[in-house]
Amino acid sequence: MNESLRNYHVANRYTEIFTDEVPALQAKRMHIRRVKETARAIAQVQRSAVDKELLDVLAEHHDDGRVDQYEILGKFWDTELHHCMLGAERLEAYLHDNQLDFDAETDLLWKVMKYHGRLEIAENVSAEEREYIELISAADDFENGTSCVSYLIREIDTDAKGYVATNPEDNQKTVTSQMIWDCYESGTKYDKLKYCHTYADYILFAGMLATNCIRRYGSIAKTALMQPGYGYESILDGFKVTFEYALESEDADKAYKIMCDMIENG
């Protein structure tokens, strides 16, 4: 690890900046740990030649912008201020303030911060850099897709209000487009900021992260969804409760059946 990245890493350990004193940041700390572990696991399954220690460091810092986002907004709303942009700015400021060089490794971290989870990655990102970004993005989606039942119902009442776009008087249990259903069933990613207009839309987007993981990682994702966690006998049970809370009754049944069928047959 080069000097610039080492110094940033030591000064911004996730166990410190995602503090116990703020419950929302404490919860994100678990997310960071799981993304690190999952990125390693996916790299191993895919027999990737990436530097595993560097992958660990990049994964640890992919969400550093969440710290600044919460400090500014008191919530995790990318609709108002995106954590990817804030993470890249945080790294830039640290290097500038400490008179450290922007070298190849810190440039890679900047790109991981800026582009993880994005549908489009800039053309100036090399194939090697893209592999790191895609591994961390996949681990991020995988972790969100299996752990979201721990926060989705809370977000319906608080943070998810950031996804109500045009008419707050609309029935928030209504899915607003067939495209959202199609993407949920196929596990196809899309821009939630553009297409999610109700709580129901937002919940199916989160469910899509799980169906996307099933399509991409098969038994790894299925096993994770069937494991107990977050107070549920299984993550799948957690999705069932969340669907019933957030969707119209028929839609909740439909969403749950689609996920069950994918786990069994997909």
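Visitor: Let's start with one residue. Is Leu109 buried or exposed?
Guide: Leu109 is buried, with a relative accessible area of 0%. Buried means under 20% relative accessible area, exposed means over 50%, and partly exposed is in between (1.4 Å probe, protein chains only).

Visitor: Is this a predicted model or what, and how are residues numbered?
Guide: This is a predicted model, where local features need pLDDT of at least 70, side-chain atom pairs count only at pLDDT 80 or more, and totals for chains, interfaces and linings use all residues. Residues are numbered from 1 along each chain as its sequence is written, and side-chain values use heavy atoms, with hydrogens and water left out.

Visitor: Back to Leu109. Where is it found?
Guide: Leu109 sits in helix 7. Helices (H or I, at least four residues) and strands (E, at least two) are DSSP runs, numbered from the N terminus.

Visitor: And which residues is Leu109 in contact with?
Guide: Setting aside neighbours within four places in sequence, Leu109 is in contact with Leu5, Tyr8, Leu58, His61 and Leu91. Contact means heavy atoms within 4.5 Å. Take Leu58: the C-alpha atoms of Leu109 and Leu58 are separated by 5.8 Å. Along the chain, these two are 51 residues apart.

Visitor: Let's zoom out. How many helices and strands are there?
Guide: The protein has 15 helices and zero strands. Its radius of gyration is 19 Å, close to the 18 Å that the globule rule gives for 266 residues, so the protein is as compact as a globular protein of that length. The radius is taken over C-alpha atoms, and the globule rule is 2.2 Å times the number of residues to the power 0.38.

Visitor: What does the C-alpha trace span?
Guide: About 60 × 40 × 35 Å along the principal axes.

Visitor: How many of the 266 residues count as buried?
Guide: 51% of them.

Visitor: What about contacts across the chain?
Guide: Look at contacts between residues at least 6 apart in sequence: 65% of these join residues at least 24 apart.

Visitor: New topic: salt bridges. How many does the structure hold?
Guide: It holds 14 salt bridges. A salt bridge is a side-chain nitrogen of Lys or Arg within 4 Å of a carboxyl oxygen of Asp or Glu. Side chains of opposite charge can pair when their charged atoms come close.

Visitor: Which residue does Arg66 meet in a salt bridge?
Guide: Asp78, at 3.3 Å from N to O. Arg66 lies in helix 5 (residues 65-73) and Asp78 in the loop between helix 5 and helix 6 (83-97), so the pair ties together parts twelve residues apart in sequence. Arg66 is buried, at 10% relative accessible area. Asp78 is buried too, at 8%.

Visitor: Is Lys189 buried or partly exposed?
Guide: Lys189 is partly exposed, at 24% relative accessibility.

Visitor: What is Arg29 paired with?
Guide: Arg29 forms a salt bridge with Asp20, and the closest N and O atoms are 2.5 Å apart. Asp20 is partly exposed, at 47% relative accessibility.

Visitor: Which residues are linked in a network of salt bridges?
Guide: Arg13, Lys36 and Glu60 are.

Visitor: Now the loops. Where is Glu248?
Guide: Glu248 lies in the loop between helix 14 (235-246) and helix 15 (249-265). It is partly exposed, with a relative accessible area of 32%. Beyond neighbours within four places in sequence, Glu248 is in contact with Asn171, Lys173 and Thr174.

Visitor: Last one. What is phi of Arg47 near?
Guide: Phi of Arg47 is near 55°, a positive value in a residue other than glycine. Arg47 is in the loop between helix 3 (23-45) and helix 4 (52-61). Arg47 is exposed, at 77% relative accessible area. Gln99 also has a positive phi, near 50°. Gln99 is exposed as well, at 74%.
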